[in-house]
Amino acid sequence: MKVLAIDTSNRPLSVAVLEDTKVLATTTTNVGRNHSSTLLPIIEATITQAGLTAAALDRVVVAKGPGSYTGLRIGVTTAKTLAYTLDKELVGISSLAALAGNVVEEGQLVVPVFDARRDNLFTGLYRIVHQRPVSVIADQHVSVTEWCQQLIAYQESIVFIGADVAITQATLSAQLGDRFVRAQPQLDLPQAAVLGLLGLTATPVQQLHNFVPNYLRLTQAEREWLAKHPKEDHAPYVEKI
């Protein structure tokens with residue numbers, strides 16, 4: 001199976017092309033460029049470097065969130081458009097699971113972390129089983145304090161991964177003590193190659209046009225609208241996940 005994998009869920013941008021478990025080509029940047037203008041040229045260049053054409057692909061795998069609203073919309077819209085126009089399968093994978101997948105130590109508990117601002121995180125707890133991240137605590141939008149309380153129940157080392165760990169490292173390490181383990185910095189960047197590997201065995205999206213990012217929280221505009229219209233029907237203003 002030939003797979004194109006796309007991750008624009010946060011500041012880094014990563015694209016990879018795989019043939020089954022073999023990585024043919026991959027590009028990852030972390031320089032704060034505009035994903036809307038750089039994603040398509042990077043996809044085209046990566047497919048070319050892999051020695052393929054877009055028509056030769058079998059599946060498109062995309063990081064579906066959580067993460068940056070803008071980044072997620074760009075990545076998911078691009079992936080849906082490619083899958084539709086090329087008549088290929090589409091698979092969505094948790095952005096947090098893809099980051100956790102950078103850790104391969106069997107049995108290890110892993111917490112990927114994205115900053116959600118205002119002392120909140122996008123995070124989840126995973127265990128590495130047969131070199132794949134398996135969800136232990138579902139992805140969520142949660143305060144740092146509440147997250148620490150959830151993790152205290154686990155009496156074993158937990159590897160924290162992601163560039164945003166630094167923002168809350170003092171609190172996390174104070175609460176968890178020697179159970180807090182910081183991942184090596186080179187593992188902090190999401191890698192589309194890992195995303196693609198996870199997407200190889202995942203079930204494709206059945207209703208392509210209904211596929212939307214998993215934001216895990218409302219946008220600011222949605223929150224403001226709901227605050228002004230607390231008794232009205234909110235369905236048209238909240239995206240279904």
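Biologist: Among contacts in the chain with a separation of 6 or more, what share comes from residues 24 or more positions apart?

Modeller: Such pairs account for 62% of those contacts. Bear in mind that this is a predicted model.

Biologist: How many helices and strands does the chain have?

Modeller: Its secondary structure comes to 7 helices and 10 strands. The radius of gyration is 18 Å, close to the 18 Å that the globule rule gives for 241 residues, so the chain is as compact as a globular protein of that length. Along the principal axes, the C-alpha trace spans about 50 × 50 × 30 Å.

Biologist: What percentage of the residues is buried?

Modeller: Buried residues make up 49% of the 241 in the chain. The cut-off for buried is under 20% relative accessible area. As for the surface, the chain exposes about 11,800 Å². Carbon and sulfur atoms supply 51% of that area.

Biologist: Which residues of α2 are buried?

Modeller: Work along the helix. The buried residues are Tyr69, Gly71, Leu72, Ile74, Gly75, Val76, Thr78, Ala79, Lys80, Leu82 and Ala83. Note that a lysine, Lys80, is on that list.

Biologist: Which residue just after α2 takes a positive phi?

Modeller: Asp87 does, with a phi of about 60 degrees.

Biologist: Now charges. How many salt bridges does a search of the whole structure find?

Modeller: Start with the general idea. Side chains of opposite charge can pair when their charged atoms come close. In this structure the search finds 4 salt bridges. One of them joins the side chains of Glu89 and Arg59, at 2.7 Å from N to O. Glu89 lies in strand β5 (residues 89-93) and Arg59 in strand β4 (residues 59-63), so the pair ties together parts that are 30 residues apart in sequence.

Biologist: Is Arg59 buried or exposed?

Modeller: Arg59 counts as buried, at 5% relative accessibility.

Biologist: Which residue does Glu156 meet in a salt bridge?

Modeller: Its partner is Arg127, with 3.1 Å from N to O. Glu156 sits in the loop between α4 (144-151) and β9 (158-161), while Arg127 is in strand β7 (residues 120-129), so this pair ties together parts that are 29 residues apart in sequence. Glu156 counts as partly exposed at 31% relative accessibility. Arg127 is partly exposed too, with a relative accessible area of 25%.

Biologist: What is the N to O distance between Arg182 and Asp188?

Modeller: Their side chains meet in a salt bridge at 2.8 Å. Asp188 is buried, with a relative accessible area of 12%. Arg182 is partly exposed, with 28%.

Biologist: Let us end on a loop residue. Where is Thr21 found?

Modeller: Thr21 is in the loop between β2 (13-19) and β3 (22-29). This threonine is exposed, with a relative accessible area of 62%.

Biologist: Which residues does Thr21 touch, not counting those up to four places away in sequence?

Modeller: Thr21 touches Leu197 and Leu200. For Lys2, consider the C-alpha distance. Thr21 and Lys2 are 19 residues apart along the chain, and their C-alpha atoms are separated by 9.3 Å.

Note on methods: Residues are numbered from 1 along each chain as its sequence is written. This is a predicted model: local features need pLDDT of at least 70, side-chain atom pairs count only at pLDDT 80 or more; totals for chains, interfaces and linings use all residues. Side-chain values use heavy atoms; hydrogens and water are left out. Buried means under 20% relative accessible area, exposed over 50%, partly exposed in between (1.4 Å probe, protein chains only). Helices (H or I, at least four residues) and strands (E, at least two) are DSSP runs, numbered from the N terminus. Contact means heavy atoms within 4.5 Å. The radius of gyration is taken over C-alpha atoms; the globule rule is 2.2 Å times the number of residues to the power 0.38. Accessible areas come from the Shrake-Rupley method with a 1.4 Å probe; for residues, only the protein chains shown count as cover.
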